[in-house]
Amino acid sequence: MRFALRLILPRVGLAILALVAISLITFTLVELLPGDAVTRVLGRNATPEREKVWRERMNLDRPPVVRYTLWFSRFVRGDWGESLVSARPATEGAPGGRRNRAVADMVWPRLKNTLILAGYALLLYIPTSLFLGIITAVFREQRFTAWLSALVVLGTAVPEYVIGILLLLIFAITLNWFPPLALIDQAESTLEVVQMLTLPALTLAIAMTGIAVRMMQGSLLTVLDSDYVRFATLKGLSRRRVLLLHALPNALGPAVRVTVLSIVWLIGGVVLVEVIFTFPGLGMLLLDSLRLLDTPVILAAAMLLSSVLIFANLAADLLAAFLNPRLRTD
């Protein structure tokens, strides 16, 4: 209990404060975007009278501080407003007409798609990084491990959008093994969904694997050179048993922390990958909303992405503290 009060609660409080600060910064930046949402909604039907009605409806006639307070209080309660893009002005200038689409109905399906893609990338990333880290550490004297290490460093240095374009050119356009577009909403079977997700997930996995492999390799090399591993070898234990029962469990700590931190990077990196493969995720929705100046959707998508980033980072921080006994002692 004292560990929770001393370590967990302050970090949770800081995470909440960070979200409040991000909400204020995001709202301010959206206010500074060029263009006028009312003019975009009304289009050719814009008149001074109609603009006045819509500004009152969207609270644009109030000071920015009041608008932020109204938006944040509603957002916390789960009322994220309605999309401006789906708005249709009434013929007489009234704010009636066809009802706008709720922001939550647009954001949650896109977030689900993004999480599916991120989960698939993690399924490829975790076993691959562990396997390559063990191989490059155990067979460090072999020549092929030098090539593996070079490829790992190359994967770390190359940006994810470059990796995505290369995979797209090779496996989608040249070899025609996978579809070039990841339009999973149009897929007719689970197999088709997997085929569409493979290239984007592989792009993210390659971009993440390099750091984890290097961390696992360095940690395992240190453990393999330790005295207790040498003592276990001298006792006559097999190399496989020494590796699995003595070396690997002690070397997993840094790799686990890097894996959790990679999830933080994954949420940011997935936006570029969604653009490359036209994946209907939250990142694509955010970019489209910025182009259309759909303010409620921009705010909701940015807050969701920020929440995932902050709480994933919080989980990494708490996991690191849990794995380190010195941080849990009173």
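Helix 11 of this predicted model has six residues to look at: Leu282, Gly283, Met284, Leu285, Leu286 and Ser289 are buried there. The helix covers residues 282-292.

**Helix 11 against helix 5**

What does helix 11 touch in helix 5? On the helix 11 side, the contacts are made by Leu282, Gly283, Met284 and Leu285. These residues are also listed as buried. Their partners in helix 5 are Met106, Val107, Arg110, Leu111 and Thr114. The two axes come within 7 Å and cross at roughly 135°. Helix 5 and helix 11 are therefore oblique to each other.

**Helix 5 against helix 6**

Helix 5 spans residues 103-138. It also meets helix 6. Here the axes come within 9 Å and cross at roughly 140°. That makes helix 5 oblique to helix 6. The crossing is left-handed. Leu132, Ile135 and Thr136 represent helix 5 in this contact. Helix 6 answers with Phe144, Thr145, Leu148 and Ser149.

The two pairs sit side by side in this table.

| Helix pair | Axes come within | Crossing angle |
|---|---|---|
| Helix 5 and helix 6 | 9 Å | roughly 140° |
| Helix 5 and helix 11 | 7 Å | roughly 135° |

**The two sides of helix 6**

Which residues of helix 6 are buried? They are Thr145, Ser149, Val152 and Gly155. Why do they count as one side of helix 6? Their arc around the axis is only 120°, so they lie on the same side of the helix. Thr145 and Ser149 belong to this buried set, and both touch helix 5. The other side of helix 6 carries exposed residues: Arg143, Trp147, Leu151, Leu154 and Ala157.

The length of helix 6 can be checked too. It has 15 residues, 143-157. At 1.5 Å a residue, the helix should span 21 Å. The end C-alpha atoms are 22 Å apart, which agrees.

**The whole chain**

How many helices and strands does the chain have? It has 12 helices and zero strands. Read along the sequence, the pattern is therefore α-α-α-α-α-α-α-α-α-α-α-α. The chain has 330 residues, and 40% of them count as buried. Take the contacts between residues at least 6 apart in sequence: 72% of these join residues at least 24 apart.

Definitions and conventions
Residues are numbered from 1 along each chain as its sequence is written. This is a predicted model: local features need pLDDT of at least 70, side-chain atom pairs count only at pLDDT 80 or more; totals for chains, interfaces and linings use all residues. Side-chain values use heavy atoms; hydrogens and water are left out. Helices (H or I, at least four residues) and strands (E, at least two) are DSSP runs, numbered from the N terminus. The expected span of a helix is 1.5 Å times one less than its number of residues. Buried means under 20% relative accessible area, exposed over 50%, partly exposed in between (1.4 Å probe, protein chains only). The arc is that of the directions from the helix axis to the C-beta atoms. Axes are lines fitted to C-alpha atoms, for helices over the stretch in contact, and angles run from 0 to 180 degrees between N-to-C directions. Angles under 35 degrees count as roughly parallel, over 145 as roughly antiparallel, 65 to 115 as roughly perpendicular and the rest as oblique. A crossing is left-handed if the near helix is turned anticlockwise from the far one by less than a right angle, and right-handed if clockwise. Contact means heavy atoms within 4.5 Å.
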